[in-house]
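Reader: I'm new to this and a bit lost. Could you pick one part of the inside and take me through it slowly?

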Amino acid sequence: QFAAYLEKHQGDSPKEDQTSILKNRFKSWVEEEIIAYEDSRLAQKYPEFKALLKEYRDGILLFDLTAKKVWSKAIKDSTGLQNYYDELKINYKYPRRVDAVIYKATDEKNANKALKVIQKEAAKGTKPEDIVKKVNAKENILTSETGIFAKGDNAVLDEFEWKKGLSSVVSSKNNFYIIQVNEVLEPSVKPLSEIKGIVISEYQNYLEKEWIKELRAKYTVSVNQEVLKSIK
């Protein structure tokens, strides 16, 4: 064994003679062998360490098994995920929303001025950002926000009646707005592509519950009442 150790740890030692090299290498080898031996007996000598080692081992096994049966499966099983979504997609619905453009003017006079331009340009299908550029040709008096909004997303829209078309100038909290409603969107089911992360998470919970059901049906769970009482 020592010869094998020497062969493995060969190196130039120009300042040492052979005897010194052997003594020093032998000392290092003995130390490594003793530590390795002691390490191999840790679980026998220390019950707490043995329990901790078992806990880590069981934890790793459970983690790997759960990853295989639940986490990875939910991500890779596209057919199962689609079926799960199809069965419960009624739970994933958008509320009533509105596709709108909210124009905001610096004051009432400029709002009325901008309204005339918006009425003309919107009828031609001009994009909101281009309308803003045209209105702001001489000075910045108008901004716009375009999007799909639900109740609570925008305070101005919450006060405004959701009706397709272009509004007159609307006053809210000393600000002046013009609302262009492109479309009122009734409640609809969210597509899987938009909520995939949420569906995967819920599908994982479902798979875990089903897995536990299978385990309980296959194996009998017994509780040592004396140990349980001692813990309590």
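Author: Contact here means heavy atoms within 4.5 Å. This is a predicted model, so local features need pLDDT of at least 70 and side-chain atom pairs count only at pLDDT 80 or more, while totals for chains, interfaces and linings use all residues. Residues are numbered from 1 along each chain as its sequence is written, and side-chain values use heavy atoms, leaving out hydrogens and water.

Let's start with Ile118. Skipping its neighbours within four places in sequence, Ile118 is in contact with Tyr103, Ala123, Ile131, Leu142, Leu166, Ile178 and Gln180. Ile118 also belongs to the largest nonpolar core, which has 14 residues. Such a core is a set of buried Ala, Val, Leu, Ile, Met, Phe, Trp, Tyr and Cys residues joined through side-chain atoms within 4.5 Å; buried means under 20% relative accessible area, with a 1.4 Å probe and protein chains only. Along with Ile118, the members touching the most others are Tyr103, Ala114, Ile131, Val135, Leu142 and Ile178.

Where do the core residues sit? Strand S2 (97-105), helix H6 (108-123), helix H7 (128-135) and strand S5 (175-185) each give two or more. These elements are DSSP runs numbered from the N terminus: helices (H or I) have at least four residues, strands (E) at least two. H6 supplies the largest share, four residues.

And that's not the whole story: a second, separate core has 13 residues, among them Val70, Ala74, Val199 and Tyr203.

Key
Buried means under 20% relative accessible area, exposed over 50%, partly exposed in between (1.4 Å probe, protein chains only).
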